[in-house]
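User: I'm new to this one. Can you put it up and take me through some of it?
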Amino acid sequence: MTSFCLFTTAIGSCALVWQDERIVAAQLPERDEDAARRRLGRRFPDSVEAEPPAFVRQAIDDVVALLAGEQRDLAHLPIDLSATPEFNRRVYAVALSIPPGETLTYGEVAARIGEPGAARAVGVALGQNPIPIIVPCHRVLAAGGKTGGFSADGGVETKLRILTIEKARTSAEPSLFGDLPLQARQR
């Protein structure tokens, strides 16, 4: 049986989905809880809303702390990526190794998995990440510190908000304005 629960963070209501003793999905905030439940219903039509067991409660506490600005590494959380293609699992393993406050580019991730020409495929894999925030796809940027995409509700603005909370560096070069919040380019 697949279960889920919603919980409140500094960026809105998020959700975790679990089966047996593993987290199988996470959902970043939607505009409201009803929208979050509808999206979860489409992704996991047979799931039920439930009280979180201890391992999910610990994951919630860690996610809430991270999104409140604490430097929390979520790589220790029990996740299940067995239904994910092998290429994606390799990409997610690299993403899991990126500590809070740090970033890599799509090209750097591709090089680390031994496929240096696969930056675009890395972006596609990250866009399919079933467990965002725990598998920190938001920490992977396009070349030159550009944001690249982000498939969560709010898109790139949500990605930048999370990176700002984490006080992430988008470049190895020191910056005069490094403590200012990251912002999306005005359209």
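Analyst: Here are a helix, a loop residue and a helix pair. The model is predicted, so to speak of local features takes pLDDT of at least 70 and side-chain atom pairs 80 or more, while totals for chains, interfaces and linings use all residues. Residues are numbered from 1 along each chain as its sequence is written, and side-chain values use heavy atoms, without hydrogens and water.

User: Which residues of helix α1 are buried?
Analyst: A35, A36 and L40 are buried in α1, residues 33-43. Buried means under 20% relative accessible area, exposed over 50%, and partly exposed in between (1.4 Å probe, protein chains only). Helices (H or I, at least four residues) and strands (E, at least two) are DSSP runs, numbered from the N terminus.

User: What do the buried residues of α1 pack against?
Analyst: They pack against β1 (2-9), β2 (12-19) and β3 (22-27), where contact means heavy atoms within 4.5 Å.

User: New topic. Is E51 buried or exposed?
Analyst: E51 counts as exposed, because its relative accessibility is 73%. E51 sits in the loop between β4 (48-49) and α2 (54-67).

User: What separates the C-alpha atoms of E51 and C5?
Analyst: The distance is 6.8 Å, and E51 and C5 are 46 residues apart along the chain.

User: And which residues make the contact of α3 with α5?
Analyst: The axes of α3 (86-96) and α5 (119-127) come within 9 Å and cross at roughly 90 degrees. F87, N88, V91 and Y92 of α3 meet A121, V122, A125 and L126 of α5.

Methods. Axes fitted to C-alpha atoms, helices over the stretch in contact; angles between N-to-C directions.
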